[in-house]
Amino acid sequence: MVAAVTAFLANARVAGAPSVYGDAELISRSHADPEAFAELFDRYAPMLYRYVSRRLGPEVAEDLVGETFLVAFGKRGKYDLAHPDARPWLFGIVTKLVARHHRSEAARYRALRRSPVDGAVESPADAVAAMVTASAVRPLLAEALAALPRRDRDVLLLVAWGDLSYEEVGQALGIPVGTVRSRLHRARRKVRAALGDTNPLSGDPREEA
Amino acid sequence: MDDLKAIRDLGDDLGHEPPASLVRQRQRLVDAAGGRAPRRRPSGWLLIGVVTAVTAALILVPTVLLRGGGEPGGKKDLNAATAPAKPINVLIIGSDARGGAVREARSDTLVLAHLPADRKRPRLLSLPRDLMVDLPACGRFPARRGQLNLAFTLGGAACTEAAVEKLSGVRVDRTVTIGFAGFKTMVNALGSVQISVPRSVNDPKAGLRLAAGRHRVNGSVALAYVRARHGLGDGSDLDRVKRQQRFMASLAREAKAMRLKSPVRFAAFLKATAGAVEIRPSMDFTTVKRLAETAETDTAVYGTVPVRPDRRDFNRLELAPSAPSVFAQFK
């Protein structure tokens with residue numbers, strides 16, 4: 001239904017309202033017109049919700065996304081307007097808030113060792129083979145994620161679940177890209193080891209060097 | 001198996017799509033941004049909220065095209081054959097309920113709204129409350145002949161729906177009930193609405209005193225204006241219905257202007273509206289989403305069902321012979 005409201009408001013814009021601003025413009029405008037910030041919410045809240053729901057589940061995700069935008073609004077004065085894309089900034093705030101729940105996050109992954117994941121039955125028939133493999137590796141994967149140090153897990157999941165580039169992860173966490181690479185490398189090595197390293201060639205060879 | 005792909009697949013399985021209630025978090029932000037104290041809302045407001053957002057978009061936002069005469073029919077372009085979705089009929093009930101006192105409440109205003117399958121030209125048809133109809137049996141009340149608005153007094157929205165269905169032969173998919181308080185809330189959420197009175201009015205019964213000319217009025221005055229039967233026009237209910245249509249057009253223009261100027265404030269208006277009405281039954285997500293995505297709101301047509309004086313009681317009204325052809329457009 002958020003989509004409905006969003007779509008509705010989007011239609012309203014088509015009808016002649018102010019056109020689409022860039023993220024940085026919106027943040028800049030929000031100093032004079034605080035409600036401009038709500039447009040940033042419309043743009044990114046669904047994406048952030050999906051990300052947090054993966055890490056902490058839907059119950060926590062909703063409130064955490066709301067919290068994220070409140071924090072972001074409070075800190076908008078510090079936003080570097082040279083960055084047109086606000087995603088890394090928002091993901092950085094999300095990551096800090098997720099860290100408060102690190103125990104429940106680990107527990108969530110560990111729970112996957114036992115219970116099957118919902119939605120498997122909805123897979124199309126031609127994906128069944130893949131599902132068999134996936135459900136076989138899931139307990140191992142979940143165990144590995146639960147066991148990762150938080151910093152490494154943050155980097156791994158920002159790449160895998162947040163779809164951020166290495167540079168964007170660096171911006172989000174305030175660390176150099178080299179550190180992003182080394183943390184990601186370490187995390188992926190552990191995950192592969194947990195999966196039994198069945199195919200040592202499957203990873204990115206440059207990272208293995 | 002590629003480890004990153006395995007993790008991505010796991011993420012797809014673990015993730016959830018944003019729920020409707022995420023809008024609450026948006027409101028949290030807007031409240032904080034506007035420096036207002038956060039408000040606690042009853043759970044479940046959102047469900048009706050979004051339905052109402054859609055309803056308001058379809059019914060209130062269009063710059064309603066006023067048709068002076070009783071024949072709203074004329075040209076129609078429903079395109080039902082080519083459209084994939086189903087047409088939807090909504091019965092809007094303006095009641096004089098105050099608080100929860102439904103028992104003594106009467107329906108002041110009845111509008112049947114038709115959203116064609118292609119959502120392109122919503123049609124709104126006013127049904128005068130003085131209309132004498134054959135009321136179907138409803139609840140513990142037997143079938144009888146009476147004024148259309150008696151149905152609401154007897155059995156609320158459900159009986160009104162049954163009465164309108166029997167009268168028109170049109171299937172009613174949803175009822176939207178709005179009371180006095182809700183009406184005021186809605187107007188106040190817009191700020192004010194412009195009305196125009198041809199000559200000065202003093203109707204103590206309605207609590208309305210206005211000089212001739214244009215006024216911007218708040219919720220309370222607007223309510224008195226749409227309810228007044230004395231001092232404005234010829235004092236008939238039909239005249240009042242026309243006044244209400246003019247008011248809705250004005251309200252719609254106001255809402256549209258706000259929608260274009262400030263989508264955020266407009267969203268707040270929709271929310272205020274959401275809290276002010278009762279919708280039965282609520283709509284499922286897919287329906288609502290499709291409505292919101294496909295509705296074209298600039299082409300609504302407004303009319304009044306054709307009526308004539310009741311042959312048995314000339315102070316009342318009955319349907320004119322041409323009424324069935326008008327109702328046919330709602331099927």
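**Helix packing in chain A**

Colleagues, I begin with a contact between two helices: in helix 8 of chain A, Arg151(A), Asp152(A), Val155(A), Leu156(A) and Val159(A) meet Val180(A), Arg183(A), Leu184(A), Arg186(A), Ala187(A), Arg188(A), Lys190(A) and Val191(A) in helix 10 of chain A. Contact here means heavy atoms within 4.5 Å. Helices are DSSP runs of H or I with at least four residues, strands are runs of E with at least two, and both are numbered from the N terminus. By class, this contact holds seven nonpolar, no polar and six charged residues. The nonpolar class is Ala, Val, Leu, Ile, Met, Phe, Trp, Tyr, Cys and Pro; Asp, Glu, Lys and Arg are charged, and the others, Gly among them, are polar.

Before going further, a word on the source. This is a predicted model, in which local features need pLDDT of at least 70 and side-chain atom pairs count only at pLDDT 80 or more, while totals for chains, interfaces and linings use all residues. Residues are numbered from 1 along each chain as its sequence is written, chains are lettered from A and ligands numbered from 1 in the order in which they are written, and side-chain values use heavy atoms, with hydrogens and water left out.

Let me return to the geometry of the pair. Two packed helices are described by the angle between their axes and the distance between the axes. The axes of helix 8 and helix 10 (residues 177-194) of chain A come within 8 Å and cross at roughly 90°. That makes helix 8 of chain A roughly perpendicular to helix 10 of chain A. The axes are lines fitted to C-alpha atoms, for helices over the stretch in contact, with angles running from 0 to 180 degrees between N-to-C directions. Angles under 35 degrees count as roughly parallel, over 145 as roughly antiparallel, 65 to 115 as roughly perpendicular, and the rest as oblique.

How many residues of helix 8 of chain A are buried? Nine of its eleven residues are, so helix 8 of chain A is largely enclosed by the rest of the structure. Buried means under 20% relative accessible area, exposed over 50%, and partly exposed in between, with a 1.4 Å probe and protein chains only. The buried set includes the charged residues Asp152(A), Arg153(A) and Asp154(A).

The loop between helix 8 (150-160) and helix 9 (166-173) of chain A contains Asp163(A). Asp163(A) has a positive phi of about 60° although it is not a glycine. With 53% relative accessibility, this residue counts as exposed.

Helix 5 and helix 9 of chain A pack at an angle of about 55°, with their axes 7 Å apart. The two are therefore oblique to each other. Their crossing is right-handed; the term applies if the near helix is turned clockwise from the far one by less than a right angle, and left-handed if anticlockwise. Helix 5 of chain A contributes Arg87(A), Pro88(A), Phe91(A), Gly92(A) and Thr95(A), and helix 9 of chain A contributes Glu168(A), Gln171(A), Ala172(A) and Leu173(A). This contact has four nonpolar, three polar and two charged residues.

Helix 5 (residues 87-99) of chain A also meets helix 4 (residues 58-74) of chain A, where the axes come within 9 Å and cross at roughly 120°. That makes helix 4 of chain A oblique to helix 5 of chain A. The crossing of this pair is right-handed. Among the residues making the contact are Leu64(A) and Phe69(A) of helix 4 of chain A, and Trp89(A) and Ile93(A) of helix 5 of chain A. In total the contact has ten nonpolar, one polar and one charged residues.

Not counting residues up to four places away in sequence, Ala36(A) touches Leu26(A), Arg29(A) and Ser30(A).

Chain A has eleven helices and zero strands, and 49% of its 209 residues count as buried. Chain B has ten helices and 14 strands, with 55% of its 331 residues buried. The accessible surface of chain A is about 9800 Å², 56% of it from carbon and sulfur atoms. Chain B exposes about 14500 Å², of which carbon and sulfur atoms supply 53%. These areas come from the Shrake-Rupley method with a 1.4 Å probe; for residues, only the protein chains shown count as cover.
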